[in-house]
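Q: I'd like to go through this one with you, a piece at a time. Can you keep the answers plain?

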2 protein chains.
Amino acid sequence: MGLGPMGEFELRAMDRRYIYDFSEGGELGRELLGGKGAGLAEMTSIGLPVPAGFTVTTEACREYMRRGGRLPDGLAEEVQEHVGRLEEAAGKRFGDPSDPLLVSVRSGAAVSMPGMMDTILNLGLNDEAVEGLARATGNERFALDAYRRLVQMFGDVVDGIEAELFERELTALKARRGATQDVELESGDLRELVGRFGEIYSRHTGGPFPQDARDQLERAVRAVFDSWNTPRAQVYRRANGIPDDLGTAVNVVQMVFGNKGEDSGTGVAFTRDPSTGEPGMWGEFLVNAQGEDVVAGIRTPEPIAAMRKRFPGAHDRLTETMARLEEHYREMQDIEFTIEEGTLYLLQTRTGKRTAAAALRIAVDMVTESLLTREEAVARVDPSQLDQLLHPMIDPQAEYEVAARGLNASPGAATGKIVLDADRAEEQGKAGEAVVLVRTETTPDDIHGVIEARGVLTAHGGMTSHAAVVARGMGKPCVAGCEALSIDLSARRLRLGAHDLAEGDVITIDGGTGDVILGEVDLVPPQIDENFGTLLGWADDVRRLRVRANADTPEDAAKAREFGAEGIGLCRTEHMFMAEERLPLVRAMILATSEDERRAALDRLLPFQQEDFEGILAAMAGLPVTIRLLDPPLHEFLPPLEEAESAEMARRIRALREANPMLGTRGCRLGLLYPEIYEMQVRAIVRAALAVAGRTGEAPLVEIMHPLVGFAEELRRLRRLTLDTASSELEQAERQLDYLVGTMIELPRACVRADEIAAEADFFSFGTNDLTQTTLGFSRDDAEGKFLTRYLEDRILDANPFETLDVSGVGDLMRIAVERAREIDPEIKLGICGEHGGDARSVAFCHELGLAYVSCSPYRVPLARLAAAQATLAERGVTAVQVGG
Amino acid sequence: MGLGPMGEFELRAMDRRYIYDFSEGGELGRELLGGKGAGLAEMTSIGLPVPAGFTVTTEACREYMRRGGRLPDGLAEEVQEHVGRLEEAAGKRFGDPSDPLLVSVRSGAAVSMPGMMDTILNLGLNDEAVEGLARATGNERFALDAYRRLVQMFGDVVDGIEAELFERELTALKARRGATQDVELESGDLRELVGRFGEIYSRHTGGPFPQDARDQLERAVRAVFDSWNTPRAQVYRRANGIPDDLGTAVNVVQMVFGNKGEDSGTGVAFTRDPSTGEPGMWGEFLVNAQGEDVVAGIRTPEPIAAMRKRFPGAHDRLTETMARLEEHYREMQDIEFTIEEGTLYLLQTRTGKRTAAAALRIAVDMVTESLLTREEAVARVDPSQLDQLLHPMIDPQAEYEVAARGLNASPGAATGKIVLDADRAEEQGKAGEAVVLVRTETTPDDIHGVIEARGVLTAHGGMTSHAAVVARGMGKPCVAGCEALSIDLSARRLRLGAHDLAEGDVITIDGGTGDVILGEVDLVPPQIDENFGTLLGWADDVRRLRVRANADTPEDAAKAREFGAEGIGLCRTEHMFMAEERLPLVRAMILATSEDERRAALDRLLPFQQEDFEGILAAMAGLPVTIRLLDPPLHEFLPPLEEAESAEMARRIRALREANPMLGTRGCRLGLLYPEIYEMQVRAIVRAALAVAGRTGEAPLVEIMHPLVGFAEELRRLRRLTLDTASSELEQAERQLDYLVGTMIELPRACVRADEIAAEADFFSFGTNDLTQTTLGFSRDDAEGKFLTRYLEDRILDANPFETLDVSGVGDLMRIAVERAREIDPEIKLGICGEHGGDARSVAFCHELGLAYVSCSPYRVPLARLAAAQATLAERGVTAVQVGG
């Protein structure tokens with residue numbers, strides 16, 4: 001009470017603990033104890049057989065980093081105190097030369113993370129204690145083996161001595177003894193090995209192997225802390241968006257030995273099959289071995305079922321334990337265990353990693369088993385895994401070398417013969433050959449080849465290149481912008497990184513990673529089963545956000561509906577303009593020198609547009625369809641200058657050239673400059689809607705969308721044009737039609753002036769692709785593969801803002817837009833149709849903003865349905881258990 | 001009290017007045033009465049000799065437009081009532097066949113606006129009343145002349161009969177009579193003319209000239225209302241940013257006659273000379289004439305001084321009146337007057353238009369005369385007029401035809417011989433010839449030609465093209481993007497619109513309007529006199545905003561300082577990279593294949609940069625200088641692909657090509673990709689600052705600015721790089737230097753995340769050019785001359801957002817940025833360095849935002865100083881009297 005703020009602070013600092021025994025930490029959680037420590041403490045608290053030990057917290061690691069690599073004050077004393085309790089419990093003393101207490105030291109961050117220091121076993125041994133251990137256990141060979149392992153592991157992870165140097169000695173010794181397995185070595189051999197390992201250690205560190213157990217322990221703890229910042233760990237964190245400042249905990253565990261003889265062993269087990277999700281214990285074990293032998297793969301382990309015969313007691317105990325674990329965690333667990341002289345010990349438990357198919361099955365099964373509610377099951381499945389189920393994937397077991405890498409432009413994998421032009425791709429594809437279309441870049445002229453190819457690989461172009469967009473729409477794998485690829489079309493040859501290939505050679509591409517691989521690789525087919533439908537059905541029951549698809553063709557629309565889309569959020573009309581038979585008409589329209597001439601060309605285009613719209617509206621009968629009027633700059637429809645078919649065309653191509661086409665004459669600017677284009681499109685939409693209504697008896701719910709609006713005045717005029725045109729069509733047809741007129745919000749100005757724009761719009765659809773480009777000043781085509789890639793590598797950015805919405809920048813503008821629009825029209829319909837609509841984190845943000853729907857490519861619809869449900873559940877506090885530990 | 005809301009509304013509606021007599025309206029103001037009506041009412045209220053009359057308000061016009069062209073309810077009755085009062089005052093009746101009351105009807109909006117219906121005189125005459133008037137005045141000729149004028153004016157403005165048809169009859173009649181002047185016609189002739197005019201009227205309207213005076217009046221009022229929407233009026237409003245919904249008032253004034261004989265006359269007069277500002281009445285008059293004769297220029301008027309002899313009484317009265325008017329309005333006035341049989345009447349007063357030089361002189365003189373305070377004088381001068389004083393201008397009296405039009409890229413006018421390449425321009429310019437450099441577009445290689453030319457004309461390129469930027473920096477006229485220009489360099493000929501010209505032909509360009517004129521036109525030289533310095537000195541005393549200049553060379557810096565710049569707000573380092581002797585080094589740097597090679601090239605560039613910085617810092621000694629590190633994409637420093645000097649250069653040019661360079665690898669992205677470039681620049685800055693400090697004894701105030709920051713992390717890293725580099729330089733030199741590190745805010749993301757960025761910055765400078773491009777999604781190069789021009793023509797936009805800040809869009813983001821930045825750092829230094837810093841309306845907004853300074857091109861500095869002062873004054877309620885009426 002009498003303490004000033006300073007005194008209070010000191011009290012708190014003094015009161016701070018950095019270490020908890022497993023028996024104390026049952027409730028402290030993984031943020032503080034790390035995943036491994038939390039698991040050990042929890043298992044201890046529910047009475048499972050865990051060796052005694054304690055955890056040095058992540059907070060200690062953070063403090064160590066803050067202090068630039070000095071241990072926090074008081075930590076050494078705390079370690080002493082907890083080692084003391086361990087000694088008490090074990091009835092042995094640490095460093096006792098006659099019967100030493102041995103411990104393992106293991107890292108454990110809150111998030112599972114490879115690349116960090118893993119484990120040092122047998123800590124506490126030295127030249128004297130090894131003899132004591134031999135005497136106490138009556139097993140000299142065991143004691144020496146334990147000591148040589150300690151020297152090897154300690155030398156490797158604490159002092160950075162290459163493990164290979166130790167392995168070489170071991171191999172040489174085995175060769176001299178004519179032994180093939182470590183177990184064939186005898187005590188004398190191992191004694192010699194300990195000597196040689198000690199020499200290696202001295203040679204590399206300039207001093208003898210540390211003999212003081214407490215010194216060993218402190219150096220091991222420091223090594224764990226330091227390993228948080230190894231390059232490999234940093235790379236992993238970068239790739240997985242894990243913050244750099246979490247730090248790791250350190251677990252100090254009393255050693256139990258699986259290598260004490262034929263009544264001992266060690267293994268790993270899952271509570272269910274991680275590949276299929278099938279219920280029942282799954283795993284493998286090794287007799288007379290220590291944990292790292294299983295992982296190292298030196299000896300081939302036996303399946304867990306075989307344990308029943310070898311260790312019936314331990315097997316029963318393990319079976320019970322696994323059941324208890326699933327009951328406790330209500331999640332599939334992945335454990336490490338050791339049997340010491342017949343007694344089972346658990347050394348680790350964590351949520352088990354699994355395939356997408358297994359994830360679905362486990363979630364559904366656990367509901368059946370009443371372990372989970374449906375909502376919890378929905379919360380459990382990682383949406384980004386669903387892609388695995390919808391596309392062929394490279395077999396996770398397959399081994400291969402990556403020859404080159406491009407952009408992961410459309411997910412899935414494909415193996416096939418290289419073909420270098422679309423005509424051959426079509427010909428061979430139709431003939432049943434598996435082919436991969438390989439082009440410098442694709443154009444609308446290549447579309448027939450893309451259709452018949454298994455996948456597409458291009459040298460140029462980004463995530464929004466023609467090849468990428470078309471492939472995503474078709475659910476076909478595509479690797480784009482593969483800079484290491486160059487094609488010599490005349491020679492029908494290509495160069496791929498260091499390799500020289502010919503047309504007809506087989507390659508495999510992985511559009512999920514961007515990998516290009518020489519030759520054939522085994523693929524796993526798409527695996528949509530009933531669990532998929534069941535779980536997504538539960539997700540649908542939960543979610544508030546509607547999910548639509550971006551689709552430009554009746555086929556895409558049908559596919560989207562099959563995947564559960566509840567409408568079309570973006571139908572891009574320009575893709576219809578690109579089709580082969582229409583391009584000449586489009587070009588005639590662009591080259592027209594008068595409005596009359598332009599109108600004549602448009603009149604001839606109208607029936608095509610109408611036909612397209614009819615197909616799409618019919619495929620989505622009864623559901624809303626948002627049709628975006630022409631958006632791209634007109635020069636996109638003209639050939640390159642050198643291919644101009646006339647002087648007039650060349651003149652026009654030059655006139656339409658723009659320094660920054662992204663910010664040029666496109667979007668609604670076209671509609672205002674050439675109102676007759678939008679008029680034709682509105683006419684085609686209305687006629688198509690009437691035709692479909694007539695045929696199906698159900699009027700489609702058409703939403704006419706004007707792109708790239710920045711000023712309310714633009715939309716005011718275009719809205720009037722739309723209403724006038726539609727009215728005149730309806731009057732002529734003597735029919736009625738309900739439709740909406742709205743706009744994409746894809747410019748920062750539109751966000752801040754959403755109030756004025758809302759007054760002219762029935763709906764907004766956030767076009768977050770372009771909004772990201774303008775808000776960040778990033779041209780997607782120019783950024784990806786160039787400075788953006790470097791930004792991600794250097795961690796200037798945590799995520800690619802074209803994949804995961806930049807919530808604090810672009811998202812903030814969206815928030816401003818939503819607030820201001822709702823001030824004017826609280827009922828305005830709000831959605832998103834950028835590619836972020838198919839990204840789980842971005843979907844969660846859209847839910848939080850209170851949008852009505854997200855729209856994404858058809859193959860992303862299931863992901864979005866699940867992500868939308870999880871966003872609703874997160875609001876209710878139902879979240880996934882983190883995988884790993 | 002017992003009235004419900006509806007009753008109340010009706011009461012208010014019934015209570016509404018649409019008409020005020022001049023004697024009632026003294027305080028109602030120009031918004032309601034229009035400029036002309038307000039002037040008449042005010043003059044009446046201070047006892048000046050104004051004929052009786054009344055004003056139909058602008059509100060009546062607005063209601064008329066709202067009702068789609070029906071007169072407001074009750075308006076007709078109100079007109080009757082006020083005509084009645086007029087009759088009472090005059091002692092005559094409207095339409096009285098024996099001695100009719102005659103009136104004029106004149107439009108008068110709140111803002112002076114040519115193109116609207118101006119005046120109908122002599123309203124109230126008909127076939128019978130003309131005879132009564134003849135009898136009552138004893139002057140048949142006068143009465144008939146008045147009647148034929150009425151028929152002609154009424155026919156023209158009310159019924160749209162071409163004035164030319166009437167004029168033709170008049171000319172034919174004079175020819176038949178052998179007369180050269182109207183006054184030579186006699187009564188009989190005029191009687192014949194009235195008959196013929198009546199026939200013309202009937203032929204065109206299908207009915208006789210209206211004989212009912214009240215009918216004439218109502219139709220005239222309607223005609224004035226309708227004239228608000230003539231195309232010419234609309235065009236004028238568009239060009240001057242006047243809202244379409246203001247409406248016009250109508251003034252009905254009892255006729256006085258300057259054409260009653262040799263003791264009558266009419267004229268216009270200014271209270272001071274509108275060309276020079278010299279004190280003393282200035283103007284001209286005509287004896288025995290009506291007002292429109294002066295304006296029509298049929299007879300040559302006499303200077304006002306001559307009035308003293310002809311009408312000594314009226315002259316004295318006029319002199320007194322003018323003094324009284326200036327005393328009342330405290331502003332130079334422009335009046336119309338009529339003398340009827342020796343008696344002076346004022347028909348209009350308005351603030352007089354004047355040249356920039358006159359505006360300055362009048363403002364300064366009026367302070368000396370104690371008519372104005374200094375603050376009021378500062379508020380009076382239109383900042384945009386100042387350009388006239390700083391550049392040669394086309395003589396306002398000159399007549400010429402515009403052959404073609406381009407973008408008004410740099411103000412001022414130039415006359416000279418056409419030269420088609422920079423070398424000849426240099427050669428001939430140095431030889432003393434006046435030449436205009438005419439190019440398809442300019443490049444850095446043309447700079448020596450630009451220096452020696454009087455002005456520059458280009459066919460391509462926008463307001464930010466090389467030619468435009470360089471010309472503005474030099475204060476040299478430039479017309480850019482003149483689409484009607486094409487050059488045949490081999491024939492040394494050019495086509496300009498419909499004209500075929502050869503090199504050596506003389507043209508004149510007006511960079512303030514974009515006009516290109518064939519041949520020589522008289523120019524007026526720059527006119528900076530002591531009034532300029534006096535007034536701007538007063539402005540400096542008032543303003544809160546500091547004014548800096550954008551300058552890249554010591555010469556620009558010196559010029560800016562001369563114009564009163566208080567530092568440099570933007571020094572672009574890339575222009576230094578462009579200079580002839582450096583470009584090879586810059587290219588070597590870009591083509592470098594390793595960091596070492598790049599550093600070697602940069603080491604050779606460093607001394608050049610240091611030399612540049614030394615020059616600029618010395619020129620700005622004691623003032624802050626903001627230096628922006630390299631901003632443009634590197635490909636801007638390479639030649640076009642077809643001019644690549646090596647395969648390696650071609651490869652690099654291709655690799656650096658970008659789809660949207662504006663959104664590509666530029667700005668701080670360069671600094672993060674190639675830190676060695678920014679390191680070199682920081683090193684050069686520090687060394688230059690130390691050198692200048694050593695030489696001058698005054699350490700320069702350097703502000704190092706990182707461009708295009710969107711993420712705080714970018715700036716955090718670059719700030720560290722800057723501090724580390726500067727520290728190492730300073731340590732090596734064993735010196736101290738104060739400097740700031742900040743960023744441009746030119747991306748929407750930077751605005752919304754200004755809080756995070758502010759934590760890393762000592763200052764922000766709003767780069768509103770790029771911020772406008774990204775916020776609106778307008779590429780300036782692609783918009784101007786294309787869709788933006790159309791947007792302005794069609795009035796989708798009121799102003800070019802690259803000239804006048806888009807306050808509600810871009811400005812709103814700036815406001816967000818300022819608020820959020822100040823939350824983190826209330827003391828953060830904020831400025832603007834986009835071209836908006838030299839636009840008066842934008843400067844006012846910057847003041848309102850509370851920025852510390854604006855920065856603009858050197859020649860805009862005086863304008864910005866004045867605009868900044870006016871913004872401060874506006875806050876205190878001191879504003880300019882509106883010119884016109």
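Q: Leaving aside neighbours within four places in sequence, which residues is Lys417(A) in contact with?
A: In this predicted model, Lys417(A) touches Glu433(A), Ala434(A), Val435(A), Val436(A), Gly504(A), Asp505(A) and Val506(A). Contact means heavy atoms within 4.5 Å.

Q: Where is Lys417(A) placed?
A: Lys417(A) belongs to strand β16 of chain A, residues 413-419. Helices (H or I, at least four residues) and strands (E, at least two) are DSSP runs, numbered from the N terminus.

Q: And what separates the C-alpha atoms of Lys417(A) and Ile507(A)?
A: A distance of 6.3 Å, although the two residues are 90 apart along the chain.

Q: Why is Lys417(A) called partly exposed?
A: Because its relative accessible area is 31%. Buried means under 20%, exposed over 50%, and partly exposed in between, with a 1.4 Å probe and protein chains only.

Q: Before we move on, how are things numbered, and what does the model count?
A: Residues are numbered from 1 along each chain as its sequence is written, while chains are lettered from A and ligands numbered from 1 in the order in which they are written. As the model is predicted, local features need pLDDT of at least 70 and side-chain atom pairs count only at pLDDT 80 or more, while totals for chains, interfaces and linings use all residues; side-chain values use heavy atoms, with hydrogens and water left out.

Q: New topic. What order do the strands of the open sheet in chain A take?
A: The order is β20-β21-β22, three strands with antiparallel pairing. The edge strands are β20 (485-488) and β22 (499-502), each pairing on one side only. From one strand to the next the twist averages 20 degrees. Two strands pair if DSSP finds at least two bridges between them.

Q: How many bridges join β21(A) to β22(A)?
A: Four, with β21 covering residues 493-496. β20(A) and β21(A) also pair over four bridges, in the antiparallel sense.

Q: What are the partners of Arg495(A)?
A: In β22(A), its bridge partner is Asp500(A). Ser486(A) stands opposite Arg495(A) as well.

Q: What lies between β20(A) and β21(A)?
A: Four residues, and the two strands form a hairpin. In the turn, Arg492(A) has a positive phi of about 55 degrees.

Q: Now Thr665(A). Where does it lie?
A: Thr665(A) is in the loop between α25 (647-656) and α26 (668-673) of chain A.

Q: Is Thr665(A) buried or exposed?
A: Thr665(A) counts as buried, because its relative accessibility is 13%.

Q: What is Thr665(A) in contact with?
A: Neighbours within four places in sequence aside, its contacts include Pro633(A), Leu634(A), Glu658(A), Leu670(A) and Leu673(A). Chain B is there too, with Asp782(B), Lys786(B) and Phe787(B).

Q: Over to chain B then. How many residues of helix α31 are buried?
A: Nine of its nine residues, 768-776, so the helix is mostly covered by the under 20% cut-off. Among them are Asn769(B), Leu771(B) and Leu776(B). Just after α31(B), Gly777(B) takes a positive phi of about 65 degrees.

Q: Last one: how many helices and strands does chain A have?
A: Chain A has 35 helices and 33 strands. Its C-alpha trace spans about 105 × 80 × 50 Å along its principal axes. Of the 885 residues in chain A, 58% are buried.

Note on methods. Axes are lines fitted to C-alpha atoms, for helices over the stretch in contact, and angles run from 0 to 180 degrees between N-to-C directions.
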